[in-house]
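The sequence and coordinates come first.

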Amino acid sequence: MSLSYKSRRRLALLILLVGLPAYIVLSITVINWLERPSIWVELLVYVALGLLWALPFKFIFKGVGQADPDHPEK
């Protein structure tokens, strides 16, 4: 099942406005569970978690910033 362009835009907006802040809180919670490791370990965890959140949503964000391919221009 393929999502329409409009659905992908709405879903991308929902992910960025709701999902990303929730993921940031979760990432900070993970760091706190590790009881504030050294700066390099902390940086490595943040970089890994920063890349990890985007991978499942790659197909949603791909092409969202371009013109609507479903709507022909007049």
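In this predicted model, Ile39, Trp40, Leu43, Val47 and Leu51 make a nonpolar surface patch of about 580 Å². One of these residues, Leu43, belongs to helix α2, which runs over residues 39-54. Leu43 has a relative accessible area of 45% and is therefore partly exposed, since that class lies between the 20% and 50% limits.

Helix α1 spans residues 5-33, 29 residues in total. From its first C-alpha to its last, α1 reaches 39 Å, close to the 42 Å expected at 1.5 Å a residue. The helix has a kink of about 35 degrees at Gly19, shortly before the proline Pro21. After α1 comes Glu35, which has a positive phi near 55 degrees.

Which residues of α1 are buried? They are Tyr5, Arg8, Ala12, Ile15, Tyr23, Ser27 and Ile31.

Phe59 is part of helix α3. With neighbours within four places in sequence left aside, Phe59 is in contact with Leu3 and Arg8. Arg8 is among the buried residues of α1. Phe59 itself is exposed, because its relative accessible area of 51% is over the 50% limit.

Turning to charge, side chains of opposite charge can pair when their charged atoms come close. How many salt bridges does the model have? The count is 1. The partners are Arg36 and Glu42, and their closest N and O atoms are 3.4 Å apart. This pair qualifies as a salt bridge because 3.4 Å is within the 4 Å cut-off.

Are the two partners buried or exposed? Arg36 is exposed, with a relative accessible area of 60%. Glu42 counts as buried because its relative accessibility of 7% is under the 20% limit.

The accessibility values discussed above are set out here.

| Residue | Relative accessible area | Class |
|---|---|---|
| Leu43 | 45% | partly exposed |
| Phe59 | 51% | exposed |
| Arg36 | 60% | exposed |
| Glu42 | 7% | buried |

Note on methods. Residues numbered from 1 in each chain as written. Predicted model: local features only at pLDDT ≥ 70, side-chain atom pairs only at ≥ 80, totals over all residues. Heavy atoms only, no water. Patch = residues over 30% accessible without salt bridge, like charges linked within 9 Å, V, L, I, M, F, W, Y side chains within 5 Å. Areas by Shrake-Rupley, 256 points an atom, 1.4 Å probe, with all protein chains shown as cover. Salt bridge = Lys/Arg side-chain N within 4 Å of Asp/Glu carboxyl O. Helix = DSSP H or I, 4+ residues; strand = E, 2+ residues; numbered from the N terminus. Buried < 20%, exposed > 50% of the residue type's maximum accessible area, 1.4 Å probe, protein only. Expected span 1.5 Å × (residues − 1). Bend = angle between axes of the 7 residues up to and from the residue. Contact = heavy atoms within 4.5 Å.
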